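Me: Hi! Could you walk me through this one with me? I'd like to start with the ligand and then look at the backbone.

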Amino acid sequence: MTAAPIDGNALSQQIRAEVATRAAALTARGHQPGLAVILVGEDPASQVYVRNKVKACEQAGVHSVFSAYGADLSEADLLGRIAALNADASIHGILVQMPLPAHINAHRVIEAIAPSKDVDGYSTLSAGELLTGAPGFRPCTPYGCMKLIASTGVDLRGKHAVVIGRSNTVGKPMALLLLQAHATVTICHSATANIGQHTRQADVVVVAVGRRHTLTADMVKPGAIVIDVGINRNEAGKLCGDVDYPEVAQVASAITPVPGGVGPMTITMLLMNTIESAERASTP
Ligand code: NAP
């Protein structure tokens with residue numbers, strides 16, 4: 001079997017076109033959606049991520065406000081900036097790029113964002129809404145993975161899904177979203193004995209570890225759908241995921257490439273959350 005690549009760029013373009021249409025409709029009614037992006041420090045990867053987010057906003061007709069601060073910004077000043085954005089009616093989403101410098105308490109910062117503007121879906125309230133199945137903002141990367149899985153046409157009801165990784169931002173929300181879609185879910189992590197024993201039973205495998213070759217062909221059931229969240233570099237410095245793509249592609253039925261799979265979808269779902277926030281705010 002040779003897997004069909006799941007094209008995250010193409011799906012992103014499709015969803016971003018929908019985002020742009022909804023943004024234009026809001027703007028026509030005098031409610032242009034707005035996203036505030038905050039960067040603290042000079043981490044080069046973070047600089048690239050925020051630049052891409054701001055560019056995606058511009059392309060979709062979403063107003064963006066970008067604030068960049070030096071690594072010596074105090075936590076109090078950052079909280080002050082967030083309070084101002086919370087009160088700004090032209091802003092519907094606030095994103096603080098992680099990681100923050102060590103002297104700033106990231107949890108306090110995330111919790112300071114107004115729940116109605118938590119478009120990253122990282123706050124305790126958003127996590128609780130996801131856990132209980134209440135409406136709310138879903139973390140962008142797992143939300144994007146669900147769209148990628150849906151694009152294959154698979155009905156997750158009754159399927160066995162295995163998530164490798166249990167971070168608060170990817171692995172755990174991913175597992176909850178799969179559960180909400182009626183999959184039977186197994187979560188593996190660094191202390192799991194014999195991960196292959198679990199993944200070999202899986203109809204869907206989502207890998208979010210940050211280590212090359214975490215998922216190899218012998219760990220995959222023929223015909224499974226494989227979603228690779230990981231971002232790594234190989235010996236040649238080229239971007240790659242957590243999955244041994246060329247080998248696993250011989251066994252799986254569908255697989256996301258790195259780059260061009262999950263990555264573009266993360267930004268797209270951030271835009272989608274911002275639009276949904278703006279639509280809510282514009283409804284009397
Ligand atoms: P993280 O917070 O470091 O979590 C990694 C998870 O992997 C942890 O739960 C850890 O288990 C588990 N793990 C580590 N080594 C393992 C092993 N040998 N076997 C099984 N599990 C293992 O990372 P993250 O934020 O979830 O991100 C994961 C990867 O996705 C990274 O490469 C990140 O760059 C990438 N990412 C990509 C996007 C995107 O848009 N494409 C977005 C977010 C993240 P323990 O909990 O037991 O330590």
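Me: How far is the polar side-chain atom of Ser167 from an oxygen atom of the ligand?
Reply: In this predicted model, the distance is 2.5 Å, from a polar side-chain atom of Ser167 to a ligand oxygen.

Me: Nice. And what does the backbone of Arg166 do there?
Reply: A backbone N or O atom of Arg166 lies 2.8 Å from an oxygen atom of the ligand. Ile231 also takes part through its backbone, with a polar atom 3.0 Å from a ligand oxygen.

Me: OK, how much of the ligand does the protein bury?
Reply: The protein buries 67% of the 920 Å² that the ligand exposes when taken alone.

Me: Where does the ligand sit, then?
Reply: You'll find the ligand in the largest pocket.

Me: Which residues come nearest?
Reply: There are 20 residues around the ligand, and the nearest are Arg166, Ser167, Ser190, Ile231 and Thr266.

Me: How does that shell divide into nonpolar, polar and charged?
Reply: The shell has 8 nonpolar, 10 polar and 2 charged residues.

Me: And which helix gives the most to it?
Reply: That's helix H10, residues 262-282, which contributes 3 residues to the shell.

Me: Switching to the backbone: what kind of peptide bond joins Met98 and Pro99?
Reply: Met98 and Pro99 are joined by a cis peptide bond, with omega at about 0°. Pro99 is in the loop between strand S4 (93-96) and helix H4 (106-112).

Me: What about the bond from Val258 to Pro259?
Reply: The Val258 to Pro259 bond is cis too, with omega near 0°. Pro259 belongs to the loop between strand S11 (254-255) and H10, the helix that gives the most to the ligand shell.

Me: Why point these out?
Reply: Because most peptide bonds are trans, and most residues other than glycine have a negative phi.

Me: On phi, then, what is the value for His182?
Reply: Phi of His182 is positive, about 75°, although His182 is not a glycine. His182 is found in the loop between helix H7 (171-180) and strand S6 (184-188).

Me: How does His182 count in terms of accessibility?
Reply: His182 counts as partly exposed because its relative accessibility is 44%.

Me: And His213, what's its phi?
Reply: His213 has a positive phi near 60°, and this residue is not a glycine either. Its place is the loop between strand S7 (204-207) and strand S8 (225-228). With a relative accessibility of 41%, His213 counts as partly exposed.

Methods
Residues numbered from 1 in each chain as written. Predicted model: local features only at pLDDT ≥ 70, side-chain atom pairs only at ≥ 80, totals over all residues. Heavy atoms only, no water. Near = heavy atom within 4 Å. Polar contact = N/O pair within 3.5 Å; in protein donor to acceptor, adjacent residues only side chain to side chain. Areas by Shrake-Rupley, 256 points an atom, 1.4 Å probe, with all protein chains shown as cover. 1 Å grid on protein atoms, 1.4 Å probe; cavity = no way out; pocket = protein on both sides within 12 Å on 5 of 7 lines; lining within 4 Å. Sits in = over half its atoms within 2 Å of the grid points. Helix = DSSP H or I, 4+ residues; strand = E, 2+ residues; numbered from the N terminus. Nonpolar A, V, L, I, M, F, W, Y, C, P; charged D, E, K, R; others polar. Buried < 20%, exposed > 50% of the residue type's maximum accessible area, 1.4 Å probe, protein only.
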